[in-house]
Amino acid sequence: MINLEKGQRIEIKQLNKVAVGLGWNPNQGSGEDFDLDATAFMLGSNGKTPKDEFFVFYNNPKSPDGSVESSGDDQTGGNSDGGDDETLYVNLNQVDSQIQEIVFAASIHHAEERRQNFGQVRNSYIRIYNQENNEEIARYDLDEDFSIETAVEFGRLYRRNGEWKFEATGNGSKGGLQSLVNKYCY
């Protein structure tokens, strides 16, 4: 297993089915439950989703080509007990040929109303593992202090010369899920 740093890239070799697990723990005593949502934006060469259905999240749990599927919505971060809170399953052989990149992000549901941000979340990470044997390939622990951000892009799978690669990105933004939709969807 490789522990990634922000901006680091690895090749995803000889794997067809990978899973992208995201995990987090809200700080204790911070009030209401934190509802973080894992999302995947499947992007064409123009950096946008070809159509809305290529945005995989709790209201659209499966991409139209069947290649990306969500494990569902963990509304409290309590399902994991130290493991993944939400998972996105990816079948790389099924990814539509027009898709060049898949961005994996998490956002805080109702962040503004609840006055929550990623600075109040600890132990957040993204990990890539082989679906067939659960072997962890790479992990990126998000250790920056995102004290005003309500959405974070954790990493991305992308195609280069017919091969899939993964990059740890760790880019935060204000505006929650809507900020990511504005960036990646038409």
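Which residue in β7 does Val18 stand opposite? The legends below take up this point and others in a predicted model.

**View 1. Strand β7 pairs with β3 and with β6.**
Val18 stands opposite Val90 in β7. The strands involved are β3, residues 17-26, and β7, and they pair in the antiparallel sense over 6 bridges. Strand β6 covers residues 68-70 and also runs antiparallel to β7, joined to it by 3 bridges. Here Val68 has Val90 as its bridge partner in β7. Strand β7 spans residues 86-91 and is mostly covered, with 5 of its 6 residues buried.

**View 2. Val18 and Val90 belong to the largest nonpolar core.**
This core has 41 residues. Those with the most contacts inside it are Ile12, Val18, Leu22, Val90, Ile102, Phe104 and Leu157. Neighbours within four places in sequence aside, Val18 is in contact with Leu88, Tyr89, Val90 and Leu92, among others. Its contacts also include Ile12, Ile128, Tyr129, Gln131, Ile137 and Leu157.

**View 3. An open sheet is built from 6 strands.**
The strand order is β2-β12-β11-β8-β4-β5, and the pairing is antiparallel. At the edges stand β2 (9-12) and β5 (55-56). Each has a single partner strand, so one side of each is left without a neighbour in the sheet. Strand β4, residues 36-43, pairs with β5 in the antiparallel sense over 2 bridges. The bridge partner of Phe41 in β5 is Phe55.

**View 4. Ser124 is a buried residue of strand β9.**
Strand β9 runs over residues 121-130. The relative accessible area of Ser124 is 4%; the cut-off for buried is under 20%, so Ser124 counts as buried. Leaving aside neighbours within four places in sequence, Ser124 is in contact with Gly23 and Trp24, among others. Its contacts also include Tyr140, Asp141, Leu142 and Phe154.

**View 5. Gly175 sits in the loop between β12 and α2.**
Is Gly175 buried, exposed or partly exposed? Its relative accessibility is 37%, so Gly175 counts as partly exposed. Gly175 and Ile108 are 67 residues apart in sequence. In space, the two are 9.6 Å apart, C-alpha to C-alpha.

Key. Residues numbered from 1 in each chain as written. Predicted model: local features only at pLDDT ≥ 70, side-chain atom pairs only at ≥ 80, totals over all residues. Heavy atoms only, no water. Pairing = 2+ DSSP bridges. Helix = DSSP H or I, 4+ residues; strand = E, 2+ residues; numbered from the N terminus. Buried < 20%, exposed > 50% of the residue type's maximum accessible area, 1.4 Å probe, protein only. Contact = heavy atoms within 4.5 Å. Core = buried A, V, L, I, M, F, W, Y, C linked by side-chain atoms within 4.5 Å.
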